[in-house]
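Work through the exercises below with the sequence and the structure side by side. Try each task before reading its solution.

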Amino acid sequence: MGCMMGSRTKKLIFAALFAILFFALAACTRSPSEPDSGASMDEEAAVTIWAWDEGFNIAAAKTAREFYLKAHPDANIEIVTVAQDDIVSRLNTRFASGAYDDLPDIVLIEDYRIQGYLHTYPEEFAELSDIADTGDFAAYKTDMGQPDGSLYGIPFDCGVAGLFYRTDYIRQAGYDSEDMQDLTWDEYIKIGKAVKEKTGKYMLTLNPGDLGQLRMMLQSAGSWYTDAEGNLDILGNDILKESIRTYKKIVDAGIAAYTADWGQFVGAFNSGEVATVPTGCWIIPSIENAEDQKGKWAVAKIPRLSGVESSVNASSLGGGGWYVLKNAGHEEEAKDFLKETFASNAELLDRLAGEIKLISTLKMTSQEENYSRGIDFFGGQNILGDFIKWAGEVPVVNYGEDTYEIEDMMAEALQKIIDGIDMDVVLESTFATVETADREIEGR
């Protein structure tokens, strides 16, 4: 397409370039958060791990270190909490400058971001096929981390999606748990209207600035904003169009409560404002925060797109993997740590399932204790076992290199379509804007 780059795109590019310059200047003076007190400070021997989220990713890394030290009591493993945005900016500036002094040996990277790194900085990541077999994990998790058939990431948390729902609200609306199984989104909307009429509760939340709902719809049908080769796939993408139409149906039905941030999102279901939460399995601990709702929740498969043959009742939202940086200084030690922990240790992953509700995509964990028993909060349902089974049904898609950059523009496009502007006109304009932005960025 030959249209001029819009002013919004110019601002995005300028902001990105400014951020790179800023962090490059700050790189020499800004250091990561202090390692936890249980870590050795022997810089010559320590394997350093960066991740975010003290209650989940960091907690998992600490438990993995505990397991590893049982067999290697002299090992030094430093675990450092770094915000995800800071990890992104620091890796970009360090890789671009070749300054490796304060890089970690192991870093957690979100699935949506990893292809951009592997394409732009392929020499920075250690190949891990010698410590893990891709066949041991769910295919949708390993496919994105093995360009040219080589494995570069050890899958960690699973973003497999589910439909969390309040059984009491559903019953009040005249439905039961059997009615919630293997739904289409059209059937879901019908139930949502009944819930709103009978209980006064909304069916779900929507955040206009977060297109996670759209992503789940797309992946359920094996589609994305990019095709299997990673090329932009907006024009002529019938699954994208049907996903947008479905999203608009939800809005038009009046069954969604709008939220603007994470706090409002969690607050909506913890306060009982909504009847369902269609999202990734990582939401389990947040739902369990409302102890007064114990026994009132259950989980079903995520709905599928109506009339789309390729759409299934399985999808994903989020998730990440562990990556070893070749130039940080301890490649072999870091690989050995991952080999004996997240790449193969079913006992470790089972413990994490009990402690932080980790849903692993390592297939052998499905027979472990915590994946084989019911959870009282969810009426005794074995939701961890269900999620690990559903993970094996998630379609493989190519997330491409620019999911979030594309969504910056897709969010604006979606709102225009909801407001009544012709979808084909909007998508053609959005495609031209994204394509132009990509060419501008690649040309710099």
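Two strands pair if DSSP finds at least two bridges between them. Helices (H or I, at least four residues) and strands (E, at least two) are DSSP runs, numbered from the N terminus. This is a predicted model, in which local features need pLDDT of at least 70 and side-chain atom pairs count only at pLDDT 80 or more, while totals for chains, interfaces and linings use all residues. Residues are numbered from 1 along each chain as its sequence is written, and side-chain values use heavy atoms, with hydrogens and water left out.

**Exercise 1.** Find the order of the five strands in the open sheet with mixed pairing.

Solution.
- Step 1: the order is β2-β1-β3-β10-β4.
- Step 2: β2 (77–81) and β4 (153–155) are at the edges with a single partner strand each, so one side of each has no neighbour in the sheet.
- Step 3: neighbouring strands are turned by 25 degrees against each other on average, direction ignored. For such angles, axes are lines fitted to C-alpha atoms, for helices over the stretch in contact; angles run from 0 to 180 degrees between N-to-C directions.
- Step 4: β1 (residues 47–51) pairs with β2 in the parallel sense, over five bridges. Ile-49 has Ile-79 of β2 opposite.
- Step 5: helix α3 (residues 84–97) packs on the sheet and touches β1 and β3 (106–110), its direction making about 110 degrees with that of β3. Contact means heavy atoms within 4.5 Å.

**Exercise 2.** Describe the open sheet of three strands and the helix that lies across β5 and β9.

Solution.
- Step 1: the strand order is β8-β5-β9, with antiparallel pairing.
- Step 2: β8 (276–280) and β9 (297–300) are the edge strands, each pairing on one side only.
- Step 3: β5 (residues 161–166) is joined to β9 by four bridges, and Leu-163 has Ala-300 in β9 as its bridge partner.
- Step 4: the helix is α14 (residues 383–391), running at about 145 degrees to β5.

**Exercise 3.** How do helices α9 and α15 pack?

Solution.
- Step 1: α9 (residues 238–252) and α15 (residues 403–418) pack at about 60 degrees, with axes 10 Å apart.
- Step 2: α9 is therefore oblique to α15. Angles under 35 degrees count as roughly parallel, over 145 as roughly antiparallel, 65 to 115 as roughly perpendicular and the rest as oblique.
- Step 3: the residues of α9 in the contact include Leu-240 and Ile-244, and those of α15 include Met-410 and Leu-414.
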